[in-house]
Amino acid sequence: MLSADVSWRSEPGINRAYVWLSDGRGVGYRDLDVGLDYPSGPEHAGLLHASVEEWLATYGVPCRRPGFEENPPPTPDGGGGLRARWRRRRRLKREASLERAQREWRLDHPLWRVPTDPPRGDWRDLVRNEPGQALWDHVATLSTPGFFDLKAGQERNAWRHGAQGEESLAAELWRIARPGQWRYLHSVPVGSRGSDIDHVLIGPAGVFTINTKNHRGSNIWVGGNTFMVNGTRQHYIRNSRHEALRAGRLLSQACGFPVAARGVIAVVDPRSLTLKERPADVEVTTRVQLSRGLARQPQVLDPNQVDDIFRIARRSSTWNA
């Protein structure tokens, strides 16, 4: 079944929302500055209008609508009497309340999360990806286990457990990025063999590849390159190190300047976390301690560098090598 995607193109003199079908056919675009639709054919006019309206309601991209005035004339106060002053105070209070609500809405809907992949382009905007998407996609391919098929049931639950862990960490990343300095991506596909990075976080402290481990209620012990879960050794640190090195290499190639990435293992709600010796090049933390750990990191990127790296990182073509 075909679906419609919308992406934003914003350049000097261009402010458009493009709509195309999942098979690559273009539906048309809306010029957001004048509020006019330009469907590719009469049969697409309704789909174009409905898709753009839903997209605008979700992302709130800046645009004009017919009859909109950027600077409306001030409302007359109607004199200096007591009733006029009361009305003026009511109006100012209402305007301040609307401004606060709009500011809060903008914090939850930043423009960097608006998909910008071009119609029929050679890349897909990864801001579309949901946390745990690769794991949920795999769960969907598994058949429903029978009542006595314990092994199949355990496998299905393990995949679901991992996806839920990524979703819980995504909520923490949202809180970290809400003030505006950080950017993140979920379920970043790397290469052609089905591997992916759970989360990529980019901000003042640098670039981080985050590997989420949902070991709720478990005892975690870390000593150098050794990572133990309830007494069982895991290869998490080696894998996280390899993941970060690969991400840094791909980002450096695509950006045209050196980009260093650091691996992070984020454990979701363990019973205990014992750091006997911290790994030299991998951060090990918990979901609730992630933001505090980032706050202690020195600043290595300015806002322009963060935007430049994120602009490249959000393109699926960056990670194909």
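A cavity is a set of points, on a 1 Å grid over the protein atoms alone, where a 1.4 Å probe fits but cannot get out; lining residues have an atom within 4 Å of a point. Grid points are joined across faces, edges and corners, and a volume is the space filled by probe spheres set on the points.

This is a predicted model: local features need pLDDT of at least 70, side-chain atom pairs count only at pLDDT 80 or more, and totals for chains, interfaces and linings use all residues. Residues are numbered from 1 along each chain as its sequence is written, and side-chain values use heavy atoms, without hydrogens and water.

**Exercise 1.** Describe the largest cavity and its lining.

*Solution.*
- Count: the structure has 1 cavity of 30 Å³ or more.
- Volume: the largest cavity holds about 40 Å³ of space.
- Lining: Leu 107, Asp 108, Pro 110, Trp 112, Arg 113, Trp 174, Ala 177, Arg 178 and Tyr 184.
- Elements: helix H2 (82-108) and helix H4 (150-177) each give two or more of these residues. Helices (H or I, at least four residues) and strands (E, at least two) are DSSP runs, numbered from the N terminus.

**Exercise 2.** Trace the open sheet of 4 strands.

*Solution.*
- Order: E1-E2-E3-E4, paired antiparallel. Strands pair if DSSP finds at least two bridges between them.
- Edges: E1 (4-11) and E4 (36-39) each pair on one side only.
- Bridges: 4 of them join E3 (residues 26-31) to E4. Gly 28 has Pro 39 in E4 as its bridge partner.

Technical notes:
On a 1 Å grid over the protein atoms alone, a cavity is a set of points where a 1.4 Å probe fits but cannot get out, and a pocket is an open set with protein on both sides within 12 Å along at least five of seven lines; lining residues have an atom within 4 Å of a point.
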